[in-house]
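Hello,

Here is the structure I promised to pass on. My notes on its salt bridges follow below.

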Amino acid sequence: MRAVIQRVTAASVEVGGDVVSKIGPGLLVLVGIKDGDTDADADYICRKILGARLFENTDSGKAWDKSVVDKGYEIILVSQFTLYGFFKGNKPDFHHAMPPGQAKDFYDSFVKRVRDSYKGGTVEDGVFGAKMTVNITNDGPVTLNIDSEVQKPS
């Protein structure tokens, strides 16, 4: 499982010109699911999203000190199978991504996992499988990649 985490001052997702979700300050997370991913992968990515210290401590002035949970900020999750794409010549190939039928159930359970783990926090998401327009105002910019295949003790 892969996630691209972007610190944002605002983000929204549109489908067919309609805003389906939006947040203020927090994290926009692109989520890629690989064929063969398990609950352990989802747990790891969830813990990293919620625990990543990507925000400044405004009391001490210390950078990289607070998580989205510490700050009470919002999260928007967006399914992105292309995170498992690669090029064969000039054409993208996505066969490492989990097939759509399985991936939808896995993604839905991941969204629920993040929501259940972020007690009292706002967790929005896009529309699985839809052609989405993702609007962000990147803060920093700060963008980090997480891959469950390279798990280290956290």
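Does Arg-7 count as buried or exposed? Arg-7 counts as buried, because its relative accessibility is 14% and the cut-off for buried is under 20%. Please keep in mind that this is a predicted model.

Now the pairs. Searching the whole structure gives 10 salt bridges. Here are some of them.

Arg-7 and Asp-139: their side chains form a salt bridge, at 3.3 Å from N to O. This pair links distant parts of the chain. Arg-7 sits in strand E1 (residues 2–15). Asp-139 sits in strand E8 (residues 132–147). They are 132 residues apart. Asp-139 is partly exposed, at 28% relative accessible area, whereas Arg-7 is buried.

Asp-39 and Arg-113: another salt bridge, with N to O at 3.2 Å. Asp-39 belongs to helix H1 (residues 39–51) and Arg-113 to helix H3 (residues 100–117), so the contact ties together parts that lie 74 residues apart in sequence. Asp-39 is partly exposed, with a relative accessible area of 48%. There is also a network here: salt bridges with shared partners join Asp-39, Asp-43 and Arg-113.

Lys-62 and Asp-65: these two form a salt bridge as well. Their closest N and O atoms are 3.9 Å apart. The cut-off is within 4 Å, so the pair counts. Asp-65 is buried, at 17% relative accessible area.

In general, side chains of opposite charge can pair when their charged atoms come close.

Best wishes

How values were computed
Residues are numbered from 1 along each chain as its sequence is written. This is a predicted model: local features need pLDDT of at least 70, side-chain atom pairs count only at pLDDT 80 or more; totals for chains, interfaces and linings use all residues. Side-chain values use heavy atoms; hydrogens and water are left out. Helices (H or I, at least four residues) and strands (E, at least two) are DSSP runs, numbered from the N terminus. Buried means under 20% relative accessible area, exposed over 50%, partly exposed in between (1.4 Å probe, protein chains only).
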